[in-house]
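I opened the model to look up a few things and wrote down what I found. The entries follow in the order of looking.

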Amino acid sequence: MNPYANMAQLRSGLDNGDFSAEELVHFYLGRINAAADLNCFITVDSDRALAAAKSADKAIADKRTGPLTGIPIAHKDLFCTEGLLTSCASRMLHNFVAPYDATVVDRLRKAGAITLGKTNMDEFAMGSSNETSFYGPVKNPWNQACVPGGSSGGSAAAVAAGLAAACTGSDTGGSIRQPASFCGVTGLKPTYGRVSRYGMIAFASSLDQGGPIACTASDAGTLLNAMEGHDPNDSTSAIAEATDIDSSRRPLKIGIPSQYWNDLDSSMAKVLEAARHTLESLGHDCVPVELPHTEAAIAVYYVIAGAEASTNLSRYDGVRYGHRTTSPENLDDLYQFSRTEGFGSEVKRRILTGTYALSVGYYDAYYLKAQQIRRLIRQDFLDAFMEVDVLLTPVSPSTAFEREALIEDPVGMYQQDIYTTPASLAGLPALSLPCGMREQMPVGMQLIGPHFGESSILSLGCQYQNETDWHALHPAYEHD
Amino acid sequence: MDQQTIDKLLSLCQLSLQPDDREKLLRDLSSIVELVDFMQSIDTDGVKPLAHPLEVNQRFRPDEPDTSFEQERYQAIAPQTRDGLYLVPRVVE
């Protein structure tokens, strides 16, 4: 069995009877077990996965299949899964067994996907290296001394190492796209509102968006089709036309924003330039565009995300669920000790930063100012999309960096998100896909589309992947 | 950013700190504030704040009776409950 088979290949293998869903689940469970050193998983749900595989095999025998029937996937550990630990990689939720499924989990299960388990991540999705997890760092299967990116590092590394056919992730400021690029896989952050946030543990509510991490853009589209759509349980989820990948080659106008390309390291620029030439050779036209407020995105993002996080994380009080300190003498002790013991240092830093930005005397200078610049950043994109269909940019300033290189330098870590936060602030869909290698590590490119323009960026991604093999490269890491 | 501001923030956030961590936190928060101060260089005169990327109105569900949360199931994950109530240290003597 090929551990790096994409979902389309698995679909035909299952339908042709080359292997059963049960065999497939056994195969992946064996690989997950053997790859324990990568630390991709927080929880493995073997029993329920095998039971679901039996049901899938029956559905396949009865010819009652959908595109995902029998496909083994894993969920980032911030999607609530009924009866299964949902820790958010935090000590605060180390004992939290969700009483209900997230809409994303529910929809993927109803579409036939089998949940293998829950993947590791940065604590509360706050991080760009997967080093802030209470359960320890995830290793990058391309080079175990390097980080897999974050915060959906476990999901990206699991797909890259062939431990699941695909995974869910979440993206607040780049948490799907950057790990996808560091691990050489394909990740999609949908338009804000495309995918329901119900049951997805909140970090920054005006930015958080769930999405797929997969081997190909085509697989990401298949998963998105199952995940997307309005949900009465999330009043911010949009009513929008379903994503439709169009394989016809309508020539597109692709914007090249100078603010993303000018300061790029020359070895990264060389890889990105080659990707741009490939897209041009496919008949698309690349033209320069300007997004003048890009440089402010990191500052704006860390104020808004921090402010929303400080509000969202005030719910962890040691009373209703999660970690509770032992023997508090009074109510303040209960709150304070439970929170101090339950949260890690990065989470505390963000809560404090956000509280600072919201506090009396600083609100106008920080929070309000950030919201004003957020509008300017969004307007830059709206103006650009009057001229072009999609934008082509790098995902990250570098390839995966070594563990501990930035963990003591929060600002240096935050600056890793320079190319991903602007689309998050504007609520735009963005696809990260492998486009080359630098010093044996994968490089990703980012295609940003207009609001609800997933069809365009996924179609372009499919065209690119039909023409290139970067997505078909796999790490030499082998654990069998 | 100074130690007094840190104390105020910690109290607002219901967090506490080991004495050894204070210097590092002050350093980190100061560098974060320096990073976000870049915003002050942007002219935002007359720009309306943007709170939500899509600026659509939130949609309300039809006002129809539906099943509600089951108290017992939701309280099963609470650290301490009794008779359907969440327990906390005594607040009123």
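**Entry 1: a helix and its cover**

I checked the length of helix 16 of chain A first: at 1.5 Å a residue its 14 residues should span 20 Å, and the end C-alpha atoms are 20 Å apart, which agrees. I note that this is a predicted model.

I then looked up burial for helix 16 of chain A. I found 11 of the 14 residues buried, so the helix is largely enclosed by the rest of the structure. I listed some of the buried ones, among them A:Ile457, A:Leu458, A:Leu460, A:Cys462 and A:Tyr464. I also asked what covers the buried residues of helix 16 of chain A. The cover includes helix 7 (217-227) and helix 9 (266-281), together with strands 5, 9, 10 and 11 of chain A.

**Entry 2: the sheet**

I traced the sheet next. I read it as an open sheet of 11 strands in chain A, in the order 1-3-2-4-6-5-10-11-9-7-8, with mixed pairing. Strand 1 (41-44) and strand 8 (285-289) of chain A stand at the edges with a single partner strand each, so one side of each has no neighbour in the sheet. I get an average twist of 30° from one strand to the next.

I noted A:Lys118 in strand 3 of chain A as the bridge partner of A:Thr43.

I went back to helix 16 (454-467) of chain A, which packs on the sheet and touches strand 5 (186-189), strand 9 (390-394), strand 10 (430-438) and strand 11 (441-448) of chain A. I have its direction at about 25° to that of strand 10 of chain A.

**Entry 3: strand 9**

I looked up strand 9 of chain A and found five of its five residues buried. Both faces are covered, with A:Val390, A:Leu392 and A:Pro394 on one side and A:Leu391 and A:Thr393 on the other.

I then took its partners in turn. Strand 7 (253-257) of chain A pairs with strand 9 of chain A in the parallel sense over two bridges, and I found A:Gly255 opposite A:Leu391. The pairing of strand 9 with strand 11 of chain A is antiparallel, over four bridges. I recorded A:Gln446 in strand 11 of chain A as the bridge partner of A:Thr393.

**Entry 4: chain A against chain B**

I looked up the contact, which takes 57 residues from chain A and 37 residues from chain B. Helix 13 (364-387) is one of the elements of chain A that give two or more residues to this side, and it gives the most, with 11 residues. I have the chain A side as 30 nonpolar, 17 polar and 10 charged residues. For chain B I have a mean pLDDT of 91, with 100% of its residues at 70 or more.

I checked torsions last. Most residues other than glycine have a negative phi, and most peptide bonds are trans.

I found a cis peptide bond between A:Gly150 and A:Ser151, with omega about 10°. A:Ser151 lies in the loop between strand 3 and helix 5 (153-160) of chain A.

A:Ala89 has a positive phi, near 55°. I count A:Ala89 as buried because 33 other C-beta atoms lie within 10 Å.

A:Gln440 has a positive phi of about 65° and sits in the loop between strand 10 and strand 11 of chain A. I count A:Gln440 as exposed, with 10 C-beta neighbours inside 10 Å.

Methods:
Residues are numbered from 1 along each chain as its sequence is written. Chains are lettered from A and ligands numbered from 1 in the order in which they are written. This is a predicted model: local features need pLDDT of at least 70, side-chain atom pairs count only at pLDDT 80 or more; totals for chains, interfaces and linings use all residues. Two strands pair if DSSP finds at least two bridges between them. Axes are lines fitted to C-alpha atoms, for helices over the stretch in contact, and angles run from 0 to 180 degrees between N-to-C directions. Two residues are in contact if their C-beta atoms, placed from the backbone, lie within 7 Å. A residue is buried if 20 or more other C-beta atoms lie within 10 Å of its own, exposed if 12 or fewer, and partly exposed in between; C-beta atoms are placed from the backbone. The expected span of a helix is 1.5 Å times one less than its number of residues. Ala, Val, Leu, Ile, Met, Phe, Trp, Tyr, Cys and Pro count as nonpolar, Asp, Glu, Lys and Arg as charged, and the others, Gly among them, as polar. pLDDT is the predictor's confidence in each residue, from 0 to 100.
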